[in-house]
Protein chains: 2
Amino acid sequence: MTAEEKDPGTVRPGGRTARVRASVLRAGGDLLVEAGFDRLDLAEVARRAEVGKTTVYRRWGTPAALVADLLTDMAETSLPRSDTGSLDGDLLANARLVAGALADPRQGPLFKAVIAAATTDAGAAEALHHFYEVRVAEWTPCVEQAVLRGELPEDTDAPEVIRAVSAPLYYRLLTTAAPLDGPAAERAARAAAAAARAGAYPRTPRT
Amino acid sequence: MTAEEKDPGTVRPGGRTARVRASVLRAGGDLLVEAGFDRLDLAEVARRAEVGKTTVYRRWGTPAALVADLLTDMAETSLPRSDTGSLDGDLLANARLVAGALADPRQGPLFKAVIAAATTDAGAAEALHHFYEVRVAEWTPCVEQAVLRGELPEDTDAPEVIRAVSAPLYYRLLTTAAPLDGPAAERAARAAAAAARAGAYPRTPRT
């Protein structure tokens, strides 16, 4: 985000910059889903976004940088964590959010496309890893608070519990044709909570 | 597999067909890892495999069919399930096998490449889903036997427990830069076993 965009007083230039970014990210996401990362041509993105090619090349430079900005936008617009007062409630809210995003007709294919991009491009992989670090960090306090409430062992690796909620949903998305429905989300949350209660996620690995 | 290859008596033609398949799958896997599914050109595969283009086009036809055969080969050469006599032992053996494959310098990138291919190509996706069905079915008896031994609730969804062992390992491979090491495998096995014991994988979803 530039200084311009952060200042709500400068409506014209700030608004225009934000609109250009929104159009380019929309067009970039569409093209990524349709054609894949290998064919994510910035000139074509500019044409679809109805934005000058020079602007797109100057601001994003490479397809990997565009994917990185797309992931920044996805992280910025992701919902904040829940605080239901119980581990089960919080993990269920998280699982439903993840399953809902992966089942969404636009977001699901977009997640698949950025994961695919990350398998071949180091820059896209770095951006993807950062995206998940941000999302995991957002939800980690749910587990930390459950530890403080005495719901989980003290030595619990909190980020790993959050990753455990997402893992079966992504695995289902990528390796099966099964739907990402309510029961899948509920099972993911319940399994992560049960394993955490049983002490399966210690910070210090057992030997 | 053709009739020729199944007959061990016909060494010349059977041996040659099997050698051609091995060369083409090796070259196809290499090119898939290097260039991605979008650039999996069968003529280039034939050149690298030192096999006639006509043979490759006649036998495999499309890049998706080549990926499907690659996955068939990966399933055929995968190790059979363990039978250690306990759920913990069997799931740990499974987790170590999966983590070992994903951490392998050749197999890891190949798994990433076929998962990426499946995000854009329906034929590759179908082949990938079939691959995982076969692998999950191979290991499912470990969980069924644990149910019979009274280690797990009767209503346990056995294939889902096997998928739960793999899920965090694939999630780690695809969304983080963290290593697929021994502790990761042990945690995956321990978490799946703990969640299964707690009844988190019922065949009939709770309402």
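Guide: Happy to; we can start with the ground rules and then go wherever you like.

Guide: This is a predicted model, where local features need pLDDT of at least 70, side-chain atom pairs count only at pLDDT 80 or more, and totals for chains, interfaces and linings use all residues. Residues are numbered from 1 along each chain as its sequence is written, chains are lettered from A and ligands numbered from 1 in the order in which they are written, and side-chain values use heavy atoms, with hydrogens and water left out.

Visitor: Good. How many helices and strands does chain A have?
Guide: Chain A has 10 helices and 0 strands. Here helices (H or I, at least four residues) and strands (E, at least two) are DSSP runs, numbered from the N terminus.

Visitor: What are the spans of the C-alpha trace of chain A along its principal axes?
Guide: About 55 × 45 × 35 Å. Of its 207 residues, 49% count as buried, where buried means under 20% relative accessible area, exposed over 50%, and partly exposed in between (1.4 Å probe, protein chains only).

Visitor: And what about contacts within chain A?
Guide: Taking contacts between residues at least 6 apart in sequence, 63% join residues at least 24 apart. A contact means heavy atoms within 4.5 Å.

Visitor: Let's switch to the interface. How many residues of chain A are in contact with chain B?
Guide: 36 residues of chain A are in contact with 36 residues of chain B. The two chains bury about 3,300 Å² between them, with 64% of that on carbon and sulfur atoms. Buried area is the accessible area (1.4 Å probe) that two parts lose on being put together, summed over both.

Visitor: Which residues in chain A lose the most area to chain B?
Guide: Tyr171(A), Arg187(A) and Arg190(A), which together make up 20% of what that side buries.

Visitor: How many salt bridges are there between the chains?
Guide: The count between chain A and chain B is 4 salt bridges, each being a side-chain nitrogen of Lys or Arg within 4 Å of a carboxyl oxygen of Asp or Glu. One salt bridge joins the side chains of Glu160(A) and Arg187(B), at 3.6 Å from N to O. There are also 2 residue pairs in polar contact between chain A and chain B, both at pLDDT 80 or more. A polar contact is a pair of N or O atoms within 3.5 Å; within protein, one must be able to donate a hydrogen and the other to accept it, and residues adjacent in sequence count only if both atoms are side-chain atoms.

Visitor: Which elements give two or more residues to the side of chain A that touches chain B?
Guide: Those are α7 (107-120), α8 (122-148), α9 (158-175) and α10 (182-197) of chain A. Of these, α9(A) gives the most, with 10 residues.

Visitor: And α9 over in chain B, is it buried or exposed?
Guide: 15 of the 18 residues of α9(B) are buried, so α9(B) is largely enclosed by the rest of the structure.

Visitor: Where does α9(B) bend?
Guide: At Ser166(B), by about 30 degrees, and a proline, Pro168(B), follows within four residues. The bend is the angle between axes fitted to the seven residues ending at a residue and the seven starting there. The end C-alpha atoms of α9(B) are 26 Å apart, which agrees with the 26 Å that its 18 residues should span. That expected span is 1.5 Å times one less than the number of residues.

Visitor: Last topic: what is the phi of Glu50(A)?
Guide: Glu50(A) has a positive phi of about 55 degrees although it is not a glycine. Glu50(A) sits in the loop between α3 (42-49) and α4 (53-59) of chain A and counts as exposed, at 76% relative accessibility.

Visitor: And Glu50(B)?
Guide: Glu50(B) also has a positive phi, of about 55 degrees, and is exposed, with a relative accessible area of 75%.
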